[in-house]
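Hello,

I am passing a structure over to you, and I hope you enjoy looking through it. Please open it first, then read my notes below.

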Amino acid sequence: MQPFALNYARPATELETTSPYAYDSGLQLNVLRDGRIAARDHGLMRELGTTTSTAGSKTHFDD
C-alpha cells in the first residue's frame with residue numbers, strides 16, 4: 001500500500017524570477033536599478049513584503 005501523500009507530492013520547481021533590486025556592498029543595502037534604496041520604495045515593499053540580501057545570512061533582513 002502506498003501512502004496517500006505520495007500520490008499527490010510533486011518535486012519543487014525553481015521559478016525563474018529577477019529581482020528589481022541588487023545588493024550594494026558600499027551602502028550595505030539593497031538598491032534599485034536607478035540607485036535608490038529599495039527599502040524606501042513603498043510600492044515595492046507592498047508588493048514583495050521585504051527585501052533580503054543574498055550577501056549575508058538568509059535569516060536576516062538587510063533593509
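**Confidence and elements**

Among the elements of the protein, helix α1 (residues 42–48) has the lowest mean pLDDT, at 84, while strand β2 has the highest, at 90. Here pLDDT is the predictor's confidence in each residue, on a scale from 0 to 100. Helices (H or I, at least four residues) and strands (E, at least two) are DSSP runs, numbered from the N terminus.

This is a predicted model, in which local features need pLDDT of at least 70, side-chain atom pairs count only at pLDDT 80 or more, and totals for chains, interfaces and linings use all residues. Residues are numbered from 1 along each chain as its sequence is written, and side-chain values use heavy atoms, with hydrogens and water left out.

For the protein, the mean pLDDT is 75, and 63% of the residues reach 70 or more.

**The hairpin**

Strand β1 (residues 21–24) pairs with strand β2 (residues 29–32) in the antiparallel sense, over four bridges. Two strands count as paired if DSSP finds at least two bridges between them. Asp24 stands opposite Leu29 in β2. Four residues lie between the strands of this hairpin, and Gln28 takes a positive phi near 60 degrees there.

Where would you look for Arg36? Arg36 is in the loop between β2 and α1. Its C-alpha is 9.3 Å from that of Tyr21, although the two are 15 residues apart in sequence. Leaving aside residues up to four places away in sequence, Arg36 touches Asn30, Val31 and Asp41; a contact means heavy atoms within 4.5 Å.

How many salt bridges does a search of the whole structure find? The search finds two, where a salt bridge is a side-chain nitrogen of Lys or Arg within 4 Å of a carboxyl oxygen of Asp or Glu. In one, the side chains of Asp34 and Arg36 meet at 2.8 Å, N to O. Asp34 counts as exposed because its relative accessibility is 53%, and Arg36 counts as partly exposed because its value is 43%. The cut-offs are under 20% relative accessible area for buried and over 50% for exposed, with partly exposed in between (1.4 Å probe, protein chains only).

Arg36 also forms a salt bridge with Asp41 through their side chains, at 3.6 Å, N to O.

Best wishes
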